[in-house]
Amino acid sequence: MSASHPYDFDLFVIGGGSAGVRLARISATHGAKVGIAEARFWGGTCVNVGCVPKKIMVQAAEYGAWAEDAAAFGWKNLDKPEHDWPTLVRVRDMEVARLSGIYSRMLAGVGAEVFECYAQFVGPHEVRLGERVVSAARIVIAVGGTPVRPEIPGADLALISDDLFTLKERPRRVLIVGGGYIGCEFSALLHGLGSEVTLAFRQSLPLRGFDHEIREMAAESLAADGITVLPGETPVAITLEGETRVTRMASGRVVESDIVLFATGRKPATRGLNLDAAGINCREGAAIAVDDDHATNIPHIYAIGDVTDRVNLTPMATAVGHAMADSFFGLKPRRASYENVPKAVFTAPPIASVGLSEEEAALRGPAEIYTTRFTPMRHTITRRAGRKTLMKLVVEAGTGVILGAHMMGEDAPEMMQGVAVAVVNGLTKAQFDATIGIHPTAAEEWVTMRVATRRVGEGAAKAA
Ligand SMILES: Cc1cc2nc3c(=O)[nH]c(=O)nc-3n(C[C@H](O)[C@H](O)[C@H](O)COP(=O)(O)OP(=O)(O)OC[C@H]3O[C@@H](n4cnc5c(N)ncnc54)[C@H](O)[C@@H]3O)c2cc1C
Ligand SMILES: NC(=O)c1ccc[n+]([C@@H]2O[C@H](COP(=O)([O-])OP(=O)(O)OC[C@H]3O[C@@H](n4cnc5c(N)ncnc54)[C@H](O)[C@@H]3O)[C@@H](O)[C@H]2O)c1
């Protein structure tokens, strides 16, 4: 109990993922009395069944292609590289366990009280933790999301993204349903590790929300790499014939595979939280409704991270958690910005992006589009298919301000972090042009695209 209020904690955080752990740790560092509950795994989705184990598998897949490519540069006896799945599982799981351990120890280290159990509201200030009920002046919901399964006959024959990380051996034939981040990344990494992959999605192109030209190139690159890409397909039923999963699509197409993996989106994990006991409102689709300070309709209850379904990325979740801790207990009220959040898709090659797409910019007014497409130096020698690079700048006509940058090509995420600093700070094309490139790199193209490929958005200006 604090001197200033009658509750057990100044702050109670429900969920020990990216958002919750950062909020709890920084709040405790600022001197608050903090409690935090985690039902499943410290570090949440990102550490245990998301970014981290996924990236380790992406990296494992990259070595296979590099080993094959090395022959073109004169390396010998690498023409039949074989991958040992159990070794990858062992090193991946060791790293995940190490990181998850760091997360829980960090919390204990700063004096937060940790509870390893499922938390439920029993009142506006009260949370049940197993047998115990605790109270807090402020409660923050940071419970993340869970994968969604399409409601079709045989849906339980399919796996979800969490299950990729429990497979004991490499699946031979895989059908992945859904053309978002997870569908594209899992297709690329499983293909790279030697599975035969079919990727089916509803729309005509994968990666809804990304720049159209990047989406086109993503579909081309995945197919050129050897993935069977099926646009415009929606599964209607899955049956088991022997060991084979037979998936029927609305189009009548039938796909046979050893596993089917749904990558059909995620929804906020609010079921079971008993939000009604506290009177908390949700938006359509179970996301908790919050204002610009992440407050719910109940003034002392807040929600952050994927449960608010805004920008569902780890750095966004941690940034919001950190800003909230500084605002509540650090005498430094501030908000993390949801504008110009850079993002990446870890396909082969990867995609990265920040700011407005060409289509979004064109709706706002005239914009100049600078693009460059080339075969990276390495692949002029390896001649590997599906490894072309596209780099693109979206520039506001008149001011020259860079509104967006997009890339599909090797090292795109590593490059985009730096480009994002420029976009977030409103730098202009002229300032890019005045920067000397680093040669020979692909990155130097960011500062050497001299002539606009096209101009868009004239109509938007006339309409305005
Ligand atoms: C396969 C995959 C790959 C991804 N890759 C990337 C990537 O490369 N880069 C990136 O930026 N983002 C990636 N993401 C997204 C990223 O993981 C999420 O945006 C991030 O984890 C959100 O953090 P969070 O704290 O809101 O939720 P979570 O990390 O999901 O944490 C919520 C935690 O709350 C716990 N919990 C839920 N209910 C309760 C309860 N009632 N009581 C107690 N505990 C509870 C859960 O067990 C969980 O640990 C990926 C996601 C997936 C699924
Ligand atoms: N690299 C990263 O940063 C990264 C990686 C993975 C996940 N994430 C985060 O996790 C979120 C969830 O990823 P996701 O890929 O599951 O979701 P998503 O929303 O990105 O994509 C889901 C896809 O499934 C399709 N779909 C939905 N129902 C379908 C059906 N019945 N049949 C066929 N297709 C269907 C949708 O049209 C969409 O293309 C992402 O939006 C992202 O925020 C980020």
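This is a predicted model: local features need pLDDT of at least 70, side-chain atom pairs count only at pLDDT 80 or more; totals for chains, interfaces and linings use all residues.
Trainee: Is strand β1 buried or exposed?
Mentor: Let's go residue by residue along β1, residues 9–14. A residue counts as buried if 20 or more other C-beta atoms lie within 10 Å of its own. In β1, 6 of the 6 residues pass, so the rest of the structure largely encloses the strand, and the word you want is buried.

Trainee: Which residue in β6 stands opposite Phe12?
Mentor: Start with the pairing: β1 and β6 (residues 132–141) run parallel and are joined by 5 bridges. Follow Phe12 across to β6 and you land on Ile139.

Trainee: And what is the bridge partner of Leu11 in β2?
Mentor: β2 (residues 34–37) also runs parallel to β1, with 4 bridges joining them. In β2, Leu11 has as its partner Val34.

Trainee: How many charged residues are in the shell around ligand 1?
Mentor: There are 34 residues around ligand 1, and among those that come nearest are Gly15 and Gly17. Helices α1, α2, α3 and α8 each give two or more residues to the shell. Sorted by class, the shell has 17 nonpolar and 13 polar residues, and the number of charged ones is 4.

Trainee: Is Asn77 buried or exposed?
Mentor: Asn77 sits in the loop between α3 and α4, and its phi is positive, about 60 degrees, although it isn't a glycine. Asn77 has 7, so it is exposed.

Definitions and conventions. Residues are numbered from 1 along each chain as its sequence is written. Chains are lettered from A and ligands numbered from 1 in the order in which they are written. A residue is buried if 20 or more other C-beta atoms lie within 10 Å of its own, exposed if 12 or fewer, and partly exposed in between; C-beta atoms are placed from the backbone. Two strands pair if DSSP finds at least two bridges between them. A residue is near a molecule or strand if its C-beta atom, placed from the backbone, lies within 6 Å of it. Ala, Val, Leu, Ile, Met, Phe, Trp, Tyr, Cys and Pro count as nonpolar, Asp, Glu, Lys and Arg as charged, and the others, Gly among them, as polar.
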